[in-house]
Amino acid sequence: MSLRTLPLVFINLGGEMLYILDQRLQALNTSEDNSEKVMTDIVGAMFSKDFMDELLKPQQLYSHRTLKTVLTRLAHTSIMRLSQASMDKLYELMVMAFKYQVFLCPRPKDLLLVTYNHIDTIREFVQHTPVVVNQVDETHRKVIEVYSSLPEGEFQLLRQTLLIFLQDLHVRVSLFLKNKVQNPNGRFALLSSGPVPPGIDVPGLIRMFDRKGREVRRGEFPTGGSYTSPIREGCFELHGDRVIRLGMNIYSRNHPEETYISKPPSVKQKDDAPNLLAKEELNLLARLMGSMKAEDMAETETGFRINLFMTDGEEGGTGTSGGAEQSSFEVINIQAIQDEQAATQLARIAGQFTEGDKLPESLSTNKGADLLALMDDL
Amino acid sequence: MYRKEKSIQIKNSASALYNNLGVLRIAPRRLTCFTAVHANVVNMVSASWDGLNYSHRQLQSKEPNVATSTSLIMQAAFCALPSRDLLVVTSQKGIQMYESDGSTMVYWHALDTPETNTGQGMFARGISAVCESFICVGVSTGAILVFDVPSKGSNITLADVIEGHKESITDMASECCGGEVCVADLVSADDGGNLCVWKAGEEFSLLNHIPGFDISCSSVKLWKGTAVAGYGTGQIRLYEAVTGILHAEVNAHARWIYSLDVAPFSGLLLSAAEDSLVRVWLLSMSPESHSVEIGHLHNECVTDTQICGAKFCDSDGYAFAVTGYDLSEIIRYTQS
């Protein structure tokens, strides 16, 4: 499968995370200073050269567990502290938004436009800090360089890899339900109407040719849909009109209650990657953590705690079947305490890597086993 | 023309992969086997014709002696040879062949790891039985592996590696036409939309190369010497395989086509795409012009589903089955 998924995954998931954080920070009346500092710190870490260089290396996509750990760490490079419950819900929301974007992407290469929509908005968040804007621009340039020349078939493979990663997730997001882009069963709505993507012909025509290549007959067939001609193609450069709206910030600052989620009934969740995978994943984690700007977590000035989703107890509208409702959506099997330990342990390892040096190929078996134990559900 | 029947539940949902549905009709035992790939697992279900018995089985992708990353399966397909039926499973690590009930693995071929670290990992995709005793499997480098299969036992050998493509193989199809000269036995398709037409034998020979337009051909079938190809643009094209002459072009779907199938006895054609539609067409050979014609018969919409597999359940096209991304069922339709 594709080995080029990670950069797009991080930028898009990270972008969704920033959209939601931004909206919640505003809704909770956080001070301008704090808000801006949080956003700038996270964007600075996410778009740091080292971190992006690690992501851009061809490698496979690992489990939700790894991604969530790294994204949590990214969030914590700021002065904000998220509760475990908040992070869990935040991740579910991010992932469902990303799934919606990947699923509905008109053409596989439009995934880039979705990514650029995220980057464009992220640039706005940090516009007052030129250093970070530069980092974002640099990353954007690198992404353009790596991905612009990929053939469409490879993009589809990339998209298929992402779809496998996002498979079986049907968490209902109230904003999506309200806008009717998601059905009550958790599935996204697919319309058989509207403009066809650029480069595709409107269905309905059959043409027949003779042996010399001349068209001898044409006919039409009923398509069962109402498609129209394509609209213009979006811009794939550093700046420009992306045209498609997937990946833009859908979280209105005026309606913060619209981001609650509810789990669908009886969804069987396949267990995530087996332990066999863990060693390679831990290597990746170590590399990513090591390349992140490691703010000293222990003594930050005035870190502030935030509970993103105030409705922690009351999960909103549908399905309040209390005890009967198992956590059917197992994104990650880490207990809160172990997560902190894992993060600290990894941060310590991260501290051992000096910038630019070659990271050790693999952790020694013992250390690997310790981390593994920390990350496992006991 | 068709009505929906009772769906068959499968243990996991189907993944978004081309041609993600395998069907094998076993008349003597009055049952039909279906396979659908989910990440690194093949879900198999055998359904008895009376609709009373369903038995399930799951096959995992294997990489013996190599305890590293999970290996995603790209495709699982039944290969019906005159002497035996096999189930072939292709993944990132290699090619596995099982007895058609999935009970025993009879052959394993590991893929070489590539020297250069490209953006795509190595994988095998595109499976077809060819003539009496060959099974051909495509590889992401564009090569096609030709395996020689004895009438029983596990002494399967790699007989040949044929090169005709520079891009990843997406799908392959064959048609056995007896020993006539210059009749195509196998057609292969790649991510650039190129088609190669082959004659099988001790050595496979390339009869024709039909260039593409930089758009993947995700699914290809061979019927009466016609290569029927489905593309990422939603188009279906009918080419006379040996000459490359384009006989028909259909703007069939609004999104990427994922699966085509032909019912050989009737000439019915099935096309399925990400636009949630399955369409049924009729292919016919026009006696005057000796060329193939296509007409539209029927549409089925699988609401809110990007379809990834569609196949007829029998050679007449009396019934067909469909799988979709994130769908944990195999939907069936029969002629009404």
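Residues are numbered from 1 along each chain as its sequence is written, and chains are lettered from A and ligands numbered from 1 in the order in which they are written. Because the model is predicted, local features need pLDDT of at least 70 and side-chain atom pairs count only at pLDDT 80 or more, while totals for chains, interfaces and linings use all residues; side-chain values use heavy atoms, with hydrogens and water left out.

Chain A contains twelve helices and eight strands. Here helices (H or I, at least four residues) and strands (E, at least two) are DSSP runs, numbered from the N terminus. Of the 378 residues in chain A, 56% are buried; buried means under 20% relative accessible area, exposed over 50%, and partly exposed in between, with a 1.4 Å probe and protein chains only. Contacts, defined as heavy atoms within 4.5 Å, can also be sorted by sequence separation. Among those in chain A between residues at least 6 apart in sequence, 82% join residues at least 24 apart.

The axes of α1(A) and helix α5 of chain A (residues 84-104) come within 9 Å and cross at roughly 120 degrees. Axes are lines fitted to C-alpha atoms, for helices over the stretch in contact, and angles run from 0 to 180 degrees between N-to-C directions. The two helices, α1(A) and α5(A), are therefore oblique to each other: angles under 35 degrees count as roughly parallel, over 145 as roughly antiparallel, 65 to 115 as roughly perpendicular and the rest as oblique. The crossing of α1(A) past α5(A) is right-handed. A crossing is left-handed if the near helix is turned anticlockwise from the far one by less than a right angle, and right-handed if clockwise. On the α1(A) side the contact includes Leu8(A), Val9(A), Leu13(A) and Met17(A), and on the α5(A) side the residues include Met87(A), Leu90(A), Met94(A) and Phe98(A). The residues of this contact of α1(A) with α5(A) comprise 14 nonpolar, two polar and one charged. In this division Ala, Val, Leu, Ile, Met, Phe, Trp, Tyr, Cys and Pro count as nonpolar, Asp, Glu, Lys and Arg as charged, and the others, Gly among them, as polar.

Helix α4 of chain A (residues 64-75) also packs on α1(A), at an angle of about 50 degrees and with the axes 11 Å apart. This pair, α1(A) and α4(A), is therefore oblique, and α1(A) passes α4(A) in a right-handed crossing. From α1(A), the contact takes in Leu6(A), Val9(A), Phe10(A), Leu13(A), Gly14(A) and Met17(A), and from α4(A) it takes in Leu67(A), Val70(A), Leu71(A), Leu74(A) and Ala75(A). Ten of the residues in the contact of α1(A) with α4(A) are nonpolar, one is polar and none is charged.

A further partner is helix α6 of chain A (residues 110-125), whose axis comes within 9 Å of that of α1(A), the two crossing at roughly 45 degrees. The helices α1(A) and α6(A) are therefore oblique to each other, and their crossing is left-handed. Among the residues that meet are Ile11(A), Gly15(A) and Tyr19(A) in α1(A), and Val114(A), His118(A) and Phe125(A) in α6(A). The contact of α1(A) with α6(A) divides into nine nonpolar, six polar and two charged residues.

Elsewhere in chain A, Leu238(A) lies in the loop between β6 (226-228) and β7 (261-262) and is buried, with a relative accessible area of 17%. Apart from neighbours within four places in sequence, Leu238(A) is in contact with Asp120(A), Arg123(A), Asp137(A), His140(A), Arg141(A) and Ile144(A).

The cysteines come next. A disulfide is a pair of cysteine sulfur atoms within 2.5 Å, and a search of the whole structure finds zero disulfides over all chains. Cys235(A) is in no disulfide, the nearest cysteine sulfur being that of Cys105(A), 16 Å away. In chain B, the sulfur of Cys301(B) is 15 Å from the closest cysteine sulfur, in Cys308(B), which is too far for a bond. Cys301(B) is partly exposed, with a relative accessible area of 40%.

Ser276(B), a residue other than glycine, has a positive phi near 80 degrees; Ser276(B) is found in the loop between β24 (268-273) and β25 (277-286) and counts as buried at 1% relative accessibility. Asp304(B), also not a glycine, has a positive phi of about 55 degrees. Asp304(B) is placed in the loop between β26 (291-301) and β27 (307-312) of chain B, and is buried, with a relative accessible area of 17%.
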